[in-house]
Amino acid sequence: MIRTDIVERFTESGFLISREAMILIQGSDLPLQVVDEVLRGIDSSVVVVGPDDIIQAQKALHAQKKAIKDTPLFDGTTEEHADVVTTSDVRHIQSPNNYQPLRPEARAVAILADITESSTCVGTYEEFVRYFRNRYDRLSEIIKKRLHSRPIESLMYYTNRRREGWFDDERASGGKLSIVGLVNETRDTPNGHRVIELEDPTGYFSGIALKDKGAYEAALHVVHDEVIGLTGSLSADGRVLFIDNITWPDVPPQHQPTHAERDVYVALTSDIHIGSKTFLTSAWKNFAEWLASSEDERARKIAYIIVAGDLVDGIGVFPNQEEELAIDDIQDQYAAAATLFEMLPSDVSIIVAPGNHDAVRQAEPQPALSGDYTQSFNGNVRFVGNPSLIEVHGVKILIYHGRALDDIIAAVPALSYGNPDGAMKEMLKRRHLSPIYGNRVSIAPESTDHFVIETLPEILHCGHVHTVGTSHYRGVTVINSGTWQGQTKYQRSQNINPTPGIMPLCNLRTMETTLINFGTRSD
């Protein structure tokens, strides 16, 4: 009896199985009978079948065998009746090999950007200075290709030097000038105007968006620590810039994405939260069955599954989490995840990035899960860092778990958790996955800012917020992939309403995205 058969039997009955229990069953002379005996005797309140359950079943089988041999009917003369024989039949998920000719071959996944094995920082002041300088240099370069800007330091000389021709170009264009910098501060004046203070390597300077002018609404969307350009006119004393326009790095309107040459699908998911009492086992089973045996053309053409973080529920992530855990050991959580992945066809390539619930450092960017937790997974599962930029069939996919969505939704007007793709568009607009420093996201000051979106992807894939959202933004397909976890007590207390069991599928040739609800199995 192979491992996938064992996993399927227990999953069909509503149970998970630990790695140690799996080893005991596979080492048994009668694995099928052991599984049947466990399922006959196990209490329905059990979530994860453990080694004690297997040992108890083996003892029960041994006792039954001895009782049969001791009856007059079986006196040892008919050896073929010496073992207990059950008539239970194993119902297998149909093998994906039946559709092998139709499933596109999962080509090698190219990792274009990933912090794994490249982290060097320790968190010193000098490293943070270098980190933000790297952010400024790369994002300002994008903006300066669209704006003729001058260093902030030069504005200090406006009143003294304008007669000497230093600002002739600005006077020729109606007195307008532009500066580019990192947002140091935003605040409102007593009269309701919006002040934005920028910083570049040469100094600081403030612009003001008047509440009755066109730039005011855009100014309300500016967040701390992002890099923007301001265009406007200097005041008479040269001490402030009256803002007419705000320029973000943004995705160019003419951006043309690359598509795959033929129909090949990627299934995008996240926030599986294995180990939680509210993990949706039945929805996952529906997905596994559909993927392996469905006649749905989309299922047969899925070559990749991408998990954008929070594979497991973790330990001690939020207050009183232990009350909501079905599996309270982190190793067992990942072992259970490995068994669930074994339900999926082996010819599908699975890429997994970590999230804030996973067993990696909390500071972002996060490296891939270590071998301590990945050794139970099959060879078709590959682990990458958070964030990571990968390429499959010529299509670039930017994977980021999405913890910074909390900060962006809180800072930018009109955003909500109900429409996470709106907040993801703000990431693209800023060409940065985590622009706000010092709030919910802890930043590791690497020498390179790994959150800068320098290479534009065809797909931006996030999770974290447990709600599904898909849309397009200037040629980029934006997908937040929801969750496989029902609402927890903690989420209820935070007024978080998840949309679980929904799997976004993206056709890499057309970039068309469809949603399948495996919680209800309505296509």
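Good morning. The buried residues of helix α14 are Ala 404, Leu 405, Asp 406, Asp 407, Ile 408 and Ile 409, where buried means under 20% relative accessible area with a 1.4 Å probe and protein chains only. The model is predicted, so to speak of local features requires pLDDT of at least 70, side-chain atom pairs count only at pLDDT 80 or more, and totals for chains, interfaces and linings use all residues. Residues are numbered from 1 along each chain as its sequence is written, and side-chain values use heavy atoms, with hydrogens and water left out.

Six of the eight residues of α14 are buried, so the helix is largely enclosed by the rest of the structure. Its buried residues pack against α15, β15 (459-462) and β17 (476-481); contact means heavy atoms within 4.5 Å. Helices (H or I, at least four residues) and strands (E, at least two) are DSSP runs, numbered from the N terminus.

The axes of α14 (residues 404-411) and α15 (residues 420-430) come within 10 Å and cross at roughly 95 degrees. Axes are lines fitted to C-alpha atoms, for helices over the stretch in contact, and angles run from 0 to 180 degrees between N-to-C directions. The two helices are therefore roughly perpendicular, a term covering 65 to 115 degrees.

I turn now to the barrel. Five strands close it in the order β4-β5-β6-β8-β7, with mixed pairing; strands pair if DSSP finds at least two bridges between them. Strands β6 (residues 203-209) and β8 (residues 241-247) pair in the parallel sense over two bridges. Ile 208 stands opposite Phe 242 in β8.

Terms used
Parallel < 35°, antiparallel > 145°, perpendicular 65-115°, else oblique. Buried < 20%, exposed > 50% of the residue type's maximum accessible area, 1.4 Å probe, protein only.
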